[in-house]
Amino acid sequence: MSLNEICELGVIGLTSLGQSLAAHHAIKKRRVCVYDYDDPSFAPQVIKEFRTSIEQDDDINDDDDPALSTTRPSRCMVPSNSIKEFATIISTPRKIIIFGTHDDDKKFDDIWNEL
């Protein structure tokens, strides 16, 4: 799967709620781009854990049809290393949900201004 493929939804802030929302959409085979503002290195870890937990339930064999491998739920969650990369991966109009600002207006403003 190419990271250049467009995602339908973006989730910033990988709190437990952010992770659950991203996993829900990925399981429904909607491509989701995830980014953690506080620790960008956290996104790949979350995706690895998601893939490990879901791949045992994937009933598609890549050998059967390679074209189907991109629609596996375990491949529908895509990490992003920066806000700029995050914004370019999401289809327009962009659907972005931000978690974890906890009434911190400056943090939200910083994220918003970078988008």
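Residues are numbered from 1 along each chain as its sequence is written, and side-chain values use heavy atoms, with hydrogens and water left out. Because the model is predicted, local features need pLDDT of at least 70 and side-chain atom pairs count only at pLDDT 80 or more, while totals for chains, interfaces and linings use all residues.

## Strands

Helices (H or I, at least four residues) and strands (E, at least two) are DSSP runs, numbered from the N terminus. Two strands pair if DSSP finds at least two bridges between them.

Strand β1 spans residues 9–12. Its pairing with β2 (residues 32–35) is parallel and has four bridges. Leucine 9 stands opposite valine 32 in β2. Valine 11 has valine 34 as its bridge partner in β2. Strand β4 (residues 96–98) also runs parallel to β1, joined by three bridges. Here glycine 10 is partnered by isoleucine 96.

β2 pairs with strand β3 (residues 77–79) as well, in the parallel sense over three bridges. Proline 79 in β3 is the bridge partner of valine 34.

## Burial

β1 is covered on both faces. Leu9 and Val11 are buried on one side, Gly10 and Ile12 on the other. β2 is covered on both faces too. There, Val32 and Val34 are buried on one side, Cys33 and Tyr35 on the other.

Isoleucine 97 and valine 11 are 86 residues apart in sequence, yet their C-alpha atoms are 5.0 Å apart.

## Salt bridges

A salt bridge is a side-chain nitrogen of Lys or Arg within 4 Å of a carboxyl oxygen of Asp or Glu. The structure holds two.

| Pair | N to O distance |
|---|---|
| Lysine 107 – aspartate 38 | 2.8 Å |
| Lysine 106 – aspartate 110 | 3.1 Å |

The lysine 107 pair links distant parts of the chain, 69 residues apart. Lysine 107 lies in helix α4, and aspartate 38 in the loop between β2 and α2 (42–55). Lysine 107 is buried because its relative accessible area is 14%. Aspartate 38, at 57%, counts as exposed.

Lysine 106 is exposed at 56%. Aspartate 110 is partly exposed at 27%.

## Surface patch

Which residues make the nonpolar patch? Phe108, Trp112 and Leu115 do, over about 300 Å². Patches take residues with over 30% relative accessible area and no salt bridge; like charges are joined within 9 Å, nonpolar side chains (Val, Leu, Ile, Met, Phe, Trp, Tyr) within 5 Å. Areas come from the Shrake-Rupley method with a 1.4 Å probe; for residues, only the protein chains shown count as cover. Leucine 115 sits in the segment after α4 (105–114), and is partly exposed at 35%.

Technical notes:
Buried means under 20% relative accessible area, exposed over 50%, partly exposed in between (1.4 Å probe, protein chains only).
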